[in-house]
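This report describes one protein chain for a reader new to structural work. Please keep the sequence and the structure in view while reading.

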Amino acid sequence: MDDMEQVGKIIALKDGLATLEVRRPSACGQSCTACKVACDQNVGLLTLPNTIQGEVGDFVEIKTNSGEVLKYAFMAYGIPLVLFVATILIAYQVAKGAGNRELIALACGVLSFLLSHLILKKVDAKAPIDKEAVMVRKLG
């Protein structure tokens, strides 16, 4: 797969690592005037090795493998969704004798959805520096 390229701004440096502010691409394109939505809310932080000796305030080009981005998107959205649906189906079958079978199944599904997000959040917090992304060069 192709590499995904983004631009980030170095906002902090510590121990050879750079913390970057990266604007996530919006679904409506680059022109916020087209959809009248506050696109500046899509900002994420990324910590990478400072291999290009960037300084605070520098804009840098970042490359990430598109396959890795899709893998993380599936982990963040696909796994909770699959668990949600599977839990509803299983709980619906298990609760055959209950009067509120549908409500029980829905409650179990919502709980599994929330639990999967909490687990993924903890796994993500324990992950080391984002090794799939690299700073390529300084811009401007």
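## Terms and overall plan

Helices are DSSP runs of H or I with at least four residues, and strands are runs of E with at least two; both are numbered from the N terminus. By this definition, S116 is placed in helix α3. The model discussed here is a predicted one.

The protein chain contains three helices and five strands. Of the 140 residues in the protein chain, 22% count as buried. The protein chain exposes about 9,800 Å², and carbon and sulfur atoms supply 62% of that area. Among contacts between residues at least 6 apart in sequence, 70% join residues at least 24 apart.

Helix α2 covers residues 66-94. This helix of 29 residues reaches 40 Å from its first C-alpha to its last, which is close to the 42 Å expected at 1.5 Å a residue.

Which residues of α2 are buried? They are S66, G78, P80 and A91. Y77, also placed in α2, belongs to another class: its relative accessible area is 62%, and because the cut-off for an exposed residue is over 50%, Y77 counts as exposed.

Helix α3 spans residues 101-126. S116, located in this helix, is buried, with a relative accessible area of 6%. Which residues does S116 contact when its neighbours within four places in sequence are left aside? The contacts are with P80 and L83. P80 is itself one of the buried residues of α2. Another pair to locate in the model is Y77 and H117: these residues are 40 apart in sequence, and their C-alpha atoms are 9.0 Å apart in space.

A nonpolar patch lies on the surface, formed by L103, L106, V110, F113 and L114. Together these residues have about 430 Å² of accessible area. F113, which has its place in α3, is partly exposed at a relative accessible area of 31%.

## Salt bridges across the chain

How many salt bridges does a search of the whole structure find? The search finds three. In one of them, the side chains of K63 and E5 meet at 3.5 Å, N to O. K63 lies in strand β4 (residues 59-65) and E5 in strand β1 (residues 3-14), so this pair ties together parts that are 58 residues apart in sequence. K63 is partly exposed, with 26% relative accessibility.

A salt bridge also joins the side chains of D58 and K138, at 3.9 Å, N to O. D58 is in the loop between β3 (43-49) and β4, while K138 is in strand β5 (residues 133-139); the pair therefore ties together parts 80 residues apart in sequence. Both members count as partly exposed: D58 has a relative accessibility of 21%, and K138 has a relative accessible area of 41%. The side chains of E61 and R137 likewise meet in a salt bridge, with an N to O distance of 2.7 Å. This pair links distant parts of the chain, with E61 in strand β4 and R137 in strand β5, 76 residues apart. E61 is buried, with a relative accessible area of 10%, whereas R137 is partly exposed at 44%.

## Loop residues with positive phi

D15 has a positive phi of about 55 degrees although it is not a glycine. D15 lies in the loop between β1 and β2 (17-23), and its relative accessible area of 72% places it among the exposed residues.

Q53, also a residue other than glycine, has a positive phi near 55 degrees. Where does Q53 lie? Q53 lies in the loop between β3 and β4. At 54% relative accessibility, Q53 counts as exposed. The loop between β3 and β4 also holds D58, the partner of K138 in a salt bridge.

Definitions and conventions: Residues are numbered from 1 along each chain as its sequence is written. Side-chain values use heavy atoms; hydrogens and water are left out. Patches are made of residues with over 30% relative accessible area and no salt bridge: like charges are joined within 9 Å, nonpolar side chains (Val, Leu, Ile, Met, Phe, Trp, Tyr) within 5 Å. Accessible areas come from the Shrake-Rupley method with a 1.4 Å probe; for residues, only the protein chains shown count as cover. A salt bridge is a side-chain nitrogen of Lys or Arg within 4 Å of a carboxyl oxygen of Asp or Glu. Buried means under 20% relative accessible area, exposed over 50%, partly exposed in between (1.4 Å probe, protein chains only). Contact means heavy atoms within 4.5 Å. The expected span of a helix is 1.5 Å times one less than its number of residues.
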